[in-house]
Amino acid sequence: MGTLPVFRWHLAPDGYATRRQLRARDLRPGGQAVAAQLERPRRRRGPLVAYLYRVDLAKPVRPMTPDRWAALAKANAARRICPACRCDAGYVIPISLGTCVPCAYPDPHGSEGST
């Protein structure tokens, strides 16, 4: 396998797109390999790199079925359950905390507030 063609930022030829650009057109890479890369130079650091895919080889996005919607809802619900108190936090629990906010930072003065 040879090296990928490299284009400067905003200078990629027509027919190439990033994953986000494909998604905006309701397309997906569809198993194709990266066709080229885009580089944006930066000062004092390495360049930003974006991978490009060929638009003509892209496939349409698969439609969401009722089973896929159900699986997504179940996965999102699991991310809201606190492993410490087993309650639904009502928000996605941050990975940095690992638990809901009340479990991560218990109130040292009990449940009474200062109001």
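T99 lies in the loop between α2 (66-80) and α3 (101-104). Helices (H or I, at least four residues) and strands (E, at least two) are DSSP runs, numbered from the N terminus. The structure is a predicted model, in which local features need pLDDT of at least 70 and side-chain atom pairs count only at pLDDT 80 or more, while totals for chains, interfaces and linings use all residues. Residues are numbered from 1 along each chain as its sequence is written, and side-chain values use heavy atoms, with hydrogens and water left out.

T99 has a relative accessibility of 17% and counts as buried. Here buried means under 20% relative accessible area, exposed over 50%, and partly exposed in between, with a 1.4 Å probe and protein chains only. The side chain of T99 reaches the backbone nitrogen of A104 at 3.4 Å. This is a polar contact, defined as a pair of N or O atoms within 3.5 Å; within protein, one must be able to donate a hydrogen and the other to accept it, and residues adjacent in sequence count only if both atoms are side-chain atoms. Residues up to four places away in sequence aside, T99 touches C82, P83, A84, I93 and A104. Contact means heavy atoms within 4.5 Å.

A disulfide is a covalent bond between the sulfur atoms of two cysteines. The criterion applied is a pair of cysteine sulfur atoms within 2.5 Å. By this rule the count is 0 disulfides. C82 is in no disulfide, and its nearest cysteine sulfur, that of C100, is 3.6 Å away. C82 is buried, at 0% relative accessibility. The sulfur of C103 has its closest cysteine sulfur in C100 as well, at 3.5 Å, which is too far for a bond. C103 is partly exposed, with a relative accessible area of 30%.

R86 also lies in the loop between α2 and α3. Its phi is near 60°, a positive value in a residue other than glycine. Most residues other than glycine have a negative phi. R86 is exposed, at 60% relative accessible area.

The protein is divided into domain 1 (6-60) and domain 2 (66-104). These bounds come from an automatic or database domain assignment. The domain centres, taken over C-alpha atoms, are separated by 33 Å. P29 and C82 are 53 residues apart in sequence and 36 Å apart in space, C-alpha to C-alpha.

P29 is found in the loop between β3 and β4 (36-40). With a relative accessible area of 10%, P29 is buried. Its contacts, not counting residues up to four places away in sequence, are R19, L22, Y53, L57 and A58.

D26 sits in the loop between α1 (19-24) and β3 (27-28). D26 is not a glycine, yet has a positive phi of about 60°. Its relative accessible area is 54%, so D26 is exposed. D26 is also among the contacts of V61, which are R23, D26, L27 and R28 once neighbours within four places in sequence are left aside. V61 lies in the loop between β6 (59-60) and α2. At 24% relative accessibility, V61 counts as partly exposed. V61 and R28 are 33 residues apart in sequence, but 5.6 Å apart in space, C-alpha to C-alpha.

L11 occupies the loop between β1 (6-8) and β2 (16-17). L11 is exposed, at 59% relative accessibility. L11 and L38 are separated by 27 residues in sequence and by 8.3 Å in space, C-alpha to C-alpha.

Ring contacts were also examined. Rings of Phe, Tyr and Trp (its six-membered ring) pair if their centres lie within 6.5 Å; planes under 30 degrees apart count as stacked, over 60 as edge-to-face and the rest as tilted. The count by this rule is 1 aromatic pair. F7 and Y16 form this pair, which is tilted, at 5.8 Å centre to centre with 50° between the planes. Y16 is partly exposed, with a relative accessible area of 24%. R40 lies over the face of W9, at 5.7 Å from the ring centre. A charge sits over a ring if NZ of Lys or CZ of Arg is within 6 Å of the ring centre and within 35 degrees of the ring normal.
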